[in-house]
Amino acid sequence: QDFPTHHAEDGVPEPLALNLHVFLDDVTQFNGPLYFIPGSHARGPAPPRLDTETTSYPLWVVDTAVVAELAKARGLVAATGAAGTGMIFGDTMVHGSPPNMSPSDRCIFSLILNPVANAATRQARPDHKHHRDRTPVVPLADDCLLGAAA
(Lines give C-alpha, C1' and ligand atoms only; values in the text may rest on other atoms or scores of the structure.)
Protein backbone atom coordinates (compact mmCIF):
# COMPACT_ATOMS: atom_id res chain seq x y z
CA GLN A 1 0.00 0.00 0.00
CA ASP A 2 1.17 3.53 -0.62
CA PHE A 3 -1.05 5.26 1.91
CA PRO A 4 1.03 4.29 4.98
CA THR A 5 4.02 6.15 3.52
CA HIS A 6 1.93 9.11 2.43
CA HIS A 7 0.31 9.27 5.86
CA ALA A 8 3.28 8.57 8.16
CA GLU A 9 5.95 10.48 6.28
CA ASP A 10 4.03 13.20 4.45
CA GLY A 11 1.08 13.76 6.76
CA VAL A 12 -1.55 13.05 4.10
CA PRO A 13 -4.77 12.75 6.16
CA GLU A 14 -6.91 10.29 4.14
CA PRO A 15 -6.25 7.48 1.61
CA LEU A 16 -7.74 9.36 -1.36
CA ALA A 17 -4.80 9.40 -3.78
CA LEU A 18 -4.81 7.56 -7.09
CA ASN A 19 -1.70 6.11 -8.71
CA LEU A 20 -1.36 6.39 -12.49
CA HIS A 21 1.25 4.12 -14.06
CA VAL A 22 2.10 4.01 -17.76
CA PHE A 23 4.39 1.24 -18.98
CA LEU A 24 7.33 2.69 -20.91
CA ASP A 25 8.58 -0.82 -21.71
CA ASP A 26 6.72 -4.04 -22.31
CA VAL A 27 6.02 -5.57 -18.89
CA THR A 28 6.02 -9.36 -18.75
CA GLN A 29 5.79 -11.97 -16.03
CA PHE A 30 9.61 -12.06 -16.02
CA ASN A 31 10.72 -8.42 -15.69
CA GLY A 32 9.29 -7.57 -12.29
CA PRO A 33 5.64 -6.66 -12.88
CA LEU A 34 3.60 -5.18 -10.09
CA TYR A 35 1.50 -7.78 -8.31
CA PHE A 36 -1.90 -6.75 -6.95
CA ILE A 37 -4.35 -8.38 -4.58
CA PRO A 38 -7.70 -7.65 -6.23
CA GLY A 39 -10.22 -5.99 -3.93
CA SER A 40 -7.69 -5.47 -1.12
CA HIS A 41 -8.47 -1.75 -1.15
CA ALA A 42 -12.03 -2.46 0.05
CA ARG A 43 -10.67 -3.50 3.42
CA GLY A 44 -9.14 -0.05 3.96
CA PRO A 45 -5.58 0.58 5.07
CA ALA A 46 -3.89 -2.51 6.46
CA PRO A 47 -1.79 -1.98 9.59
CA PRO A 48 1.67 -0.97 8.33
CA ARG A 49 5.14 -1.39 9.76
CA LEU A 50 8.34 0.37 8.81
CA ASP A 51 10.72 -2.16 7.24
CA THR A 52 14.33 -1.07 7.59
CA GLU A 53 15.90 -4.50 7.13
CA THR A 54 14.58 -6.34 4.05
CA THR A 55 14.18 -3.42 1.64
CA SER A 56 16.84 -1.24 0.02
CA TYR A 57 15.46 1.84 1.81
CA PRO A 58 13.04 2.33 4.76
CA LEU A 59 9.61 1.39 3.46
CA TRP A 60 6.18 1.13 5.07
CA VAL A 61 4.94 -2.39 4.33
CA VAL A 62 2.02 -4.69 5.08
CA ASP A 63 2.99 -7.68 7.22
CA THR A 64 3.52 -10.95 5.39
CA ALA A 65 0.74 -12.66 7.39
CA VAL A 66 -1.80 -10.02 6.24
CA VAL A 67 -0.61 -10.31 2.64
CA ALA A 68 -0.90 -14.11 2.84
CA GLU A 69 -4.44 -13.86 4.26
CA LEU A 70 -5.54 -11.40 1.58
CA ALA A 71 -3.89 -13.37 -1.24
CA LYS A 72 -5.50 -16.62 -0.08
CA ALA A 73 -8.92 -14.98 -0.06
CA ARG A 74 -8.58 -12.84 -3.20
CA GLY A 75 -5.68 -14.19 -5.28
CA LEU A 76 -2.87 -12.33 -7.01
CA VAL A 77 -2.78 -10.58 -10.37
CA ALA A 78 0.37 -9.60 -12.27
CA ALA A 79 0.03 -6.29 -14.13
CA THR A 80 1.55 -7.05 -17.53
CA GLY A 81 1.11 -5.35 -20.88
CA ALA A 82 2.71 -3.66 -23.84
CA ALA A 83 4.52 -0.35 -23.62
CA GLY A 84 1.87 2.37 -23.44
CA THR A 85 -0.44 0.36 -21.19
CA GLY A 86 -1.90 2.51 -18.42
CA MET A 87 -3.34 1.53 -15.08
CA ILE A 88 -4.88 3.42 -12.20
CA PHE A 89 -5.11 2.09 -8.65
CA GLY A 90 -5.95 3.47 -5.24
CA ASP A 91 -3.70 4.27 -2.32
CA THR A 92 -4.87 1.28 -0.23
CA MET A 93 -4.50 -1.39 -2.93
CA VAL A 94 -2.02 -3.98 -1.65
CA HIS A 95 0.72 -4.34 -4.26
CA GLY A 96 4.39 -5.08 -4.69
CA SER A 97 6.85 -6.31 -7.25
CA PRO A 98 9.43 -9.07 -7.46
CA PRO A 99 12.94 -8.44 -8.72
CA ASN A 100 13.44 -8.20 -12.46
CA MET A 101 14.98 -11.56 -13.36
CA SER A 102 15.16 -10.86 -17.10
CA PRO A 103 17.52 -8.97 -19.40
CA SER A 104 14.63 -6.59 -20.27
CA ASP A 105 13.99 -3.23 -18.64
CA ARG A 106 10.72 -2.45 -16.87
CA CYS A 107 10.46 1.33 -16.82
CA ILE A 108 7.19 2.83 -15.64
CA PHE A 109 6.03 6.43 -15.57
CA SER A 110 4.33 6.94 -12.22
CA LEU A 111 2.13 9.84 -11.16
CA ILE A 112 0.22 10.09 -7.90
CA LEU A 113 -2.82 12.36 -7.88
CA ASN A 114 -4.30 13.45 -4.56
CA PRO A 115 -7.12 15.93 -3.88
CA VAL A 116 -5.78 19.37 -2.96
CA ALA A 117 -7.98 19.28 0.17
CA ASN A 118 -6.09 16.12 1.24
CA ALA A 119 -2.61 17.58 0.72
CA ALA A 120 0.48 16.62 2.67
CA THR A 121 0.93 18.47 5.95
CA ARG A 122 4.66 17.66 6.36
CA GLN A 123 7.60 18.16 4.06
CA ALA A 124 10.13 15.71 5.48
CA ARG A 125 10.87 13.81 2.26
CA PRO A 126 12.80 15.40 -0.61
CA ASP A 127 10.77 16.82 -3.48
CA HIS A 128 11.80 14.01 -5.88
CA LYS A 129 10.09 11.51 -3.54
CA HIS A 130 6.96 13.54 -2.86
CA HIS A 131 6.35 16.56 -5.08
CA ARG A 132 4.42 19.36 -3.43
CA ASP A 133 2.82 21.08 -6.41
CA ARG A 134 -0.74 21.74 -5.27
CA THR A 135 -1.96 23.10 -8.57
CA PRO A 136 -5.27 21.40 -9.39
CA VAL A 137 -5.25 19.11 -12.42
CA VAL A 138 -7.18 20.71 -15.26
CA PRO A 139 -9.11 18.45 -17.65
CA LEU A 140 -8.26 18.72 -21.33
CA ALA A 141 -10.48 18.15 -24.33
CA ASP A 142 -11.10 14.53 -25.28
CA ASP A 143 -9.24 15.04 -28.58
CA CYS A 144 -6.26 16.95 -27.09
CA LEU A 145 -3.69 14.36 -28.20
CA LEU A 146 -4.89 13.89 -31.77
CA GLY A 147 -2.71 16.70 -33.15
CA ALA A 148 0.38 15.57 -31.24
CA ALA A 149 1.02 12.61 -33.55
CA ALA A 150 1.32 14.81 -36.64
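**View 1. Val22 stands opposite Gly86 of strand E6 in this predicted model.** The pairing shown belongs to strand E1, residues 18-23, and E6. These two strands run antiparallel and are joined by five bridges.

**View 2. Strands E6, E1 and E8 form an open sheet in the order E6-E1-E8.** Pairing within this three-stranded sheet is antiparallel. Its edges are strand E6 (86-90) and strand E8 (108-113), each of which pairs on one side only. From one strand to the next, the twist averages 20 degrees.

**View 3. Eight residues make up the largest nonpolar core.** Its members are Phe23, Val27, Leu34, Phe36, Ala79, Met87, Phe89 and Met93. In soluble globular proteins, nonpolar side chains tend to be buried together. Another core, of six residues, lies apart from the largest one and includes Ile37, Ala46, Val62 and Val94.

**View 4. Phe23, a member of the largest nonpolar core, is shown with its contacts.** Leaving aside residues up to four places away in sequence, Phe23 touches Ala79, Thr80, Gly81, Ala82, Ala83, Gly84, Thr85 and Met87, as well as Cys107 and Ile108.

**View 5. Asn118 is a buried residue in the segment after E8.** Asn118 counts as buried because its relative accessibility is 3%, where the cut-off for burial is under 20%. With residues up to four places away in sequence not counted, the residues that Asn118 touches are Val12, Pro13, Glu14 and Leu16.

How values were computed
Residues numbered from 1 in each chain as written. Predicted model: local features only at pLDDT ≥ 70, side-chain atom pairs only at ≥ 80, totals over all residues. Heavy atoms only, no water. Pairing = 2+ DSSP bridges. Helix = DSSP H or I, 4+ residues; strand = E, 2+ residues; numbered from the N terminus. Axes fitted to C-alpha atoms, helices over the stretch in contact; angles between N-to-C directions. Core = buried A, V, L, I, M, F, W, Y, C linked by side-chain atoms within 4.5 Å. Buried < 20%, exposed > 50% of the residue type's maximum accessible area, 1.4 Å probe, protein only. Contact = heavy atoms within 4.5 Å.
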